[in-house]
Amino acid sequence: KEMDKNKRRILAFLAFKEVETEPDIQKLNEIVQLIIRPSRKELMEEITRKNEELSNSKQFLQSVLENIHSAVYAKDLDDRYTYMNNEWEQVMGHTRQEAIGKSDLELFPEIYARQYQKNDMEIMRSRKVRTVEEYYQDESGQKYTFLSTKVPMTHKEKIIGLCGISTDITQRKEMEEELIIAKAAAEEAAR
């Protein structure tokens, strides 16, 4: 309705007047701006729609991250954790409240922390995605092997940290070792 009213105003203005003087040009410009500028209501509706889309997208991503069976985490340039998912908490034995803002050296035994830091620094230095095997032993003595894919995070082409996805491949590695031992035993027995 508002748009139709503005269109009628500009048509009436143009139909009865030649646009030659500066005041006429300014008036015409004001009318054109009214026509091309969306109404406040339309603008608010568009903002609301975009906010809903953003919220839905965030909910979807959060659902994926929290339910995936891999540890997902993010760190800043100082090796401090800025995010981790449920799986990370369960496997690493630290809550988010304990871990956010802390470095690997503050959370893990030095032998593991130094290796994680070395891998992370190499990934950020090279600016390339890399997949590595990483190891961890929890407080109960349980040993883990992870296949970790790490991605440098950038903002306006500047490295700001990294994101990692670490999948527990402990059982697979144990089966591989058992297969190697069984194969060697079979070859020995065949001699």
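Predicted model: local features only at pLDDT ≥ 70, side-chain atom pairs only at ≥ 80, totals over all residues.
Colleague: Noted. How many helices and strands does the chain have?

Modeller: Eight helices and five strands. Along the sequence the pattern reads α-α-α-β-β-α-α-α-α-β-β-β-α.

Colleague: What percentage of the residues is buried?

Modeller: Of the 191 residues in the chain, 29% are buried.

Colleague: And the accessible surface, how much is there?

Modeller: About 13,800 Å² for the chain. Carbon and sulfur atoms hold 55% of that.

Colleague: Let's go inside. How many residues are in the largest nonpolar core?

Modeller: The core has 16 residues. Tyr 81, Trp 88, Met 92, Phe 108 and Tyr 136 have the most contacts inside it.

Colleague: Take Met 92. What does Met 92 touch, leaving out residues up to four places away in sequence?

Modeller: Met 92 touches Phe 108, Tyr 136 and Phe 146.

Colleague: Lots of rings there. How many aromatic pairs does the structure hold?

Modeller: Eight. One of them is Tyr 73 with Tyr 81, whose ring centres are 6.2 Å apart.

Colleague: Why is that pair called edge-to-face?

Modeller: The planes of Tyr 73 and Tyr 81 sit at 65°, so the pair is edge-to-face. The cut-off for that label is over 60 degrees.

Colleague: Are those two buried or exposed?

Modeller: Tyr 73 is buried, at 5% relative accessibility. Tyr 81 is buried as well, at 4%.

Colleague: Now Trp 88 and Phe 108. What angle do their planes make?

Modeller: 70°, with the ring centres 6.2 Å apart, so this pair is edge-to-face.

Colleague: Where do the two residues lie?

Modeller: Trp 88 is in helix 4, and Phe 108 is in the loop between helix 6 (104-107) and helix 7. The pair therefore ties together parts that are 20 residues apart in sequence.

Colleague: Buried or exposed, these two?

Modeller: Trp 88 is buried, with a relative accessible area of 1%. Phe 108 is buried at 5%.

Colleague: Which residues form the aromatic cluster?

Modeller: Tyr 73, Tyr 81, Trp 88 and Phe 108 are among them. The cluster also includes Tyr 112, Tyr 116, Tyr 136, Tyr 144 and Phe 146.

Colleague: Switching to the outside. Which residues form the nonpolar patch on the surface?

Modeller: Leu 43, Met 44 and Ile 47. Together they have about 260 Å² of accessible area.

Colleague: Where is Ile 47, and what is its relative accessibility?

Modeller: Ile 47 is in helix 3 (residues 40-67). At 39% relative accessibility, Ile 47 counts as partly exposed.

Colleague: Last topic, backbone angles. What is phi for Lys 156?

Modeller: Near 50°, a positive value in a residue other than glycine. Most residues other than glycine have a negative phi. Glu 157 also has a positive phi, near 70°.

Colleague: Where do Lys 156 and Glu 157 sit?

Modeller: Lys 156 is in the loop between strand 4 (143-155) and strand 5 (158-168). Glu 157 is in the loop between strand 4 and strand 5 too.

Colleague: Buried or exposed?

Modeller: Lys 156 is exposed, with a relative accessible area of 73%. Glu 157 is exposed at 71%.

Technical notes: Residues numbered from 1 in each chain as written. Heavy atoms only, no water. Helix = DSSP H or I, 4+ residues; strand = E, 2+ residues; numbered from the N terminus. Buried < 20%, exposed > 50% of the residue type's maximum accessible area, 1.4 Å probe, protein only. Patch = residues over 30% accessible without salt bridge, like charges linked within 9 Å, V, L, I, M, F, W, Y side chains within 5 Å. Areas by Shrake-Rupley, 256 points an atom, 1.4 Å probe, with all protein chains shown as cover. Salt bridge = Lys/Arg side-chain N within 4 Å of Asp/Glu carboxyl O. Core = buried A, V, L, I, M, F, W, Y, C linked by side-chain atoms within 4.5 Å. Contact = heavy atoms within 4.5 Å. Phe/Tyr/Trp six-rings, centres within 6.5 Å; stacked < 30°, edge-to-face > 60°.
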